[in-house]
2 protein chains.
Amino acid sequence: MDAVERRLAERRAMIIDELKAFVAIPSVSTDPAYADGVRRAAEFVAQRLAAAGLADAAVRPTAGHPVVTASWRNKPGKPTILVYGHYDVQPPDPIEAWLTPPFEPVVHGKRLYGRGASDDKGPMLIPIKVVEAFLAERGELPINAVFLFEGEEEVSSASLEDFVNANRDMLAADFALSADGAQWRLDLPSVIVGSRGSCALEVIVRGAAKDLHSGRHGGAIANPIAALARLLANLHEDDGRIAVPGFYDAVSPVSAEERAAIGAIPFDERAYLDSIGVSEGFGEQGFSLLERNWIRPTLEFNGIVGGYAGRGKKTVIPAQASAKITCRLVPRQDPADIGRRIAEHLTGNSPRGVTVEVCAERGSAESYALPADHKGLILAEQVLAEITGKGPLRVRMGATIPIGGIFKRALGIDTVFFSFATSDEDYHAPNEFFRLASPDAGLRAWARYLDRLGA
Amino acid sequence: MDAVERRLAERRAMIIDELKAFVAIPSVSTDPAYADGVRRAAEFVAQRLAAAGLADAAVRPTAGHPVVTASWRNKPGKPTILVYGHYDVQPPDPIEAWLTPPFEPVVHGKRLYGRGASDDKGPMLIPIKVVEAFLAERGELPINAVFLFEGEEEVSSASLEDFVNANRDMLAADFALSADGAQWRLDLPSVIVGSRGSCALEVIVRGAAKDLHSGRHGGAIANPIAALARLLANLHEDDGRIAVPGFYDAVSPVSAEERAAIGAIPFDERAYLDSIGVSEGFGEQGFSLLERNWIRPTLEFNGIVGGYAGRGKKTVIPAQASAKITCRLVPRQDPADIGRRIAEHLTGNSPRGVTVEVCAERGSAESYALPADHKGLILAEQVLAEITGKGPLRVRMGATIPIGGIFKRALGIDTVFFSFATSDEDYHAPNEFFRLASPDAGLRAWARYLDRLGA
């Protein structure tokens, strides 16, 4: 073990204490009531970067919550990485379901409990402490690095692309290395090589000017719920395949290699379905569950509402009914184009006697795929294999990670995900925790990664 | 004008004052907070009946709110009528939309404003005052009469059938004459000759054990909203005809006479659609709007809910989605049979990957049709023509009037509707009112009706 890794191991208890202080700051980005917590968390991050030896550490304003940046570019000829993470956290609701207060971090057994411990304060503190150890022990890093920590990841990275576009020179790098993006499973290390894009719509069907008595008026006029049900039913085939014309036009067929790679991943479908309480999977014919979830696009209904939904009955023909729709998109599908096609399909099939309005919602994002031969990816796999003793899986995310697309568009660089959180750590839920084994592995892995990259 | 009609005309102001005292009692049957008002209204009615000269007037308990009864059976050989009305009222909500307090009745111009003035306190007070006038002026009625005023009409007459079944002898009559059941239009007198029945269901579609992230899980499993939309869309053909097997089996074809009678009714479809803010009517091919609304059955969705319906988006695949369904039924359709057929159609077409549950809701009722040659109906038409100078229309109600079926089943008698409310008087809405011309016409009409029936 070299001096950097030894120093990190010796200071493990201090690093955990530092993480507890970080988790204790309630930096909930979505709720204005926590604005002070968000600001204090940004300052905390800037102080940690400065204490690590990065003299230009700064809290930088955006249209939303601030970004924290720092850089070290004293190794000409060596690669430069853009280190990414986020200091904002999900709301603690439902707060009554927490066994300990969400912003009073506490260690129980081998876990640190607290909101944000796993997503993403624990993982993002790791590269800061690693850089500090390099600068303390060697007076330099093995490579060049620039740091970008945002405060709006939990609100769709709303201000990030504008900031990145306005600071291209400051952020220039060979690739991004993200401390966010959890390990897929606890038992096997993994690297994320792709995530799906997204677009969001709301469809509103309107009938009469107000809710009407369904006896006095029933039979005379169209029912907006019935019309909405027909519109929504028309968006899928029976097997779940999306029926919107052109929806799949840009989607590449699944290649034999891709299919083989996904098929080789150990995945217990029955155990997965049991874990979410579902009797059977469902979706497009001809694709496995993981294929449908990772590399095929979806069109999901996230909410529907219309008329009376309280106890008992209220015999109305409602004036309107509406549904919220989001798609998950795969490479080459353009969110704006897909949103337009769905809107046209809905309005073009409007049933008689009602009007149909479709509104685009904020927060669309392109899918992201990391090239299979990316040197940063291959290095991540090598280091993970060394640290864990197991060859890592290449996995995808059914969900959307906006930074992949943002860094690609704004900076022309790819993003390698190198996070040491695990997807079972109840982030976005009560009793979030971070396994204390994770910083042990993560500190060693990041130190080794920087060294190897500079070699 | 005979002595009875003269007496009623002379006492008009006193009768309006009495109605105001009645309307001032907040007898909202659906809300337990008004239980005292319901009880006081029942006592008020019993006192008015006793004051009219009906010695057996009584407040009679039921499983719900009480019934008020009284009788006068001193004309052997003459017909007996069962006079029906209800003393309970709709809730005043939204109370802020009232221009004057709902339970502080006030006369503005030619209208008496207050909750229940039109539905049904004004109309039901009319026969009581008419009987009082007969007994005061002549010492007897021209016929026999029994009075039944309930306190649960606004909550589906929930306890009425049990009460009627348990009191068949006391309530025995040749036919019922209802003070409830408003005139269809202000400009033309009308008599109701039929109403539709009803049945109610809720369908619940369940998927995963809890709401899931629609990115992380989308594509893997079925979406309960999508499954519900397909189930609901399968309940109708494109034109609105109901697609449930056997739904129309018991429905008689529309006869040429029926079609001619409805076609002869002056009805401005465009004005009706404008009044409810709808651009065009909608429904089964081959039937006019009034036919669809009066004599064809319907299956309407009254409410739908599932997932997230707040502002912005929340990317979930919801654990469940549900919808409320009510049907309006025509003669020979059995509510229980129809409910079962719909439930079987829904559960039999359950999409894969979800479970479908169908629950029957309370409050089913059979349709009701009064024979075209009923002597009580023909007499009502004659009296209305005399009083108003216009031949009345025979109309139907798209809505459901439970008493028609209840009196038919329990007592074997038909119900003639002889109400002097008008359907535009905003009952069930803020600023309910009763036209002061209505008691003038109603008191004369009821007096004349009883005299003619006894002649």
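Through which surface do the copies, chain A and chain B, meet? Of the interface residues of chain A, 100% are also interface residues in chain B, so the copies meet through the same surface. Here two residues count as in contact if their C-beta atoms, placed from the backbone, lie within 7 Å.

Before I continue, a word on the model and its conventions. This is a predicted model, in which local features need pLDDT of at least 70 and side-chain atom pairs count only at pLDDT 80 or more, while totals for chains, interfaces and linings use all residues. Residues are numbered from 1 along each chain as its sequence is written, and chains are lettered from A and ligands numbered from 1 in the order in which they are written.

Let me begin with the symmetry. Chain A is superposed on chain B by a rotation of 180° with 0.0 Å of shift along the axis, at an RMSD of 0.1 Å. That is the relation of a two-fold axis. The superposition is by least squares on the C-alpha atoms of residues with pLDDT of at least 70 in both copies.

I turn to the interface. Chain A contributes 65 residues to the contact, and chain B contributes 65 residues. Several elements of chain A each supply at least two residues to the side that touches chain B, among them β9 (197-206), α7 (224-233), β11 (298-307) and β13 (320-329). Helices (H or I, at least four residues) and strands (E, at least two) are DSSP runs, numbered from the N terminus. β11(A) gives the most, with nine residues. By class, this side of chain A has 26 nonpolar, 26 polar and 13 charged residues. In this scheme Ala, Val, Leu, Ile, Met, Phe, Trp, Tyr, Cys and Pro count as nonpolar, Asp, Glu, Lys and Arg as charged, and the others, Gly among them, as polar.

Two strands are said to pair if DSSP finds at least two bridges between them.

Next, the single chain. Chain A has 14 helices and 18 strands. The radius of gyration of chain A is 24 Å, close to the 23 Å that the globule rule gives for 455 residues, so chain A is as compact as a globular protein of that length. That radius is taken over C-alpha atoms, and the rule is 2.2 Å times the number of residues to the power 0.38. Along its principal axes, the C-alpha trace of chain A spans about 80 × 50 × 45 Å.

Chain A is divided into domain 1 (3-195 + 367-454) and domain 2 (198-251 + 297-360), with bounds that come from an automatic or database domain assignment. The centres of the two domains of chain A, taken over C-alpha atoms, are separated by 39 Å. Four residues of domain 1 of chain A are in contact with six residues of domain 2 of chain A. On the domain 1 side, the touching residues divide into one nonpolar, three polar and no charged.

Let me now look inside chain B. Is strand β3 (residues 80-86) of chain B buried or exposed? Seven of its seven residues are buried, so β3(B) is largely enclosed by the rest of the structure. A residue is buried if 20 or more other C-beta atoms lie within 10 Å of its own, exposed if 12 or fewer, and partly exposed in between, with C-beta atoms placed from the backbone. Both faces of β3(B) are covered, with Thr80(B), Leu82(B), Tyr84(B) and His86(B) buried on one side and Ile81(B), Val83(B) and Gly85(B) buried on the other.

β3(B) has parallel partners as well. Seven bridges join β3(B) to β6 (residues 144-150) of chain B, where Tyr84(B) has Leu148(B) as its bridge partner. Four bridges join β3(B) to β7 (residues 175-178) of chain B, also in the parallel sense, and Leu82(B) is partnered there by Ala176(B).

I close with some backbone details. A cis peptide bond joins Asp93(B) and Pro94(B), with omega about -5°, and Pro94(B) is found in the loop between β3 and β4 (106-108) of chain B. In chain A, Ser157(A) has a positive phi, near 50°. Ser157(A) counts as buried, with 22 C-beta neighbours inside 10 Å. His428(A) also has a positive phi, near 70°, but His428(A) is partly exposed, with 15 other C-beta atoms within 10 Å.
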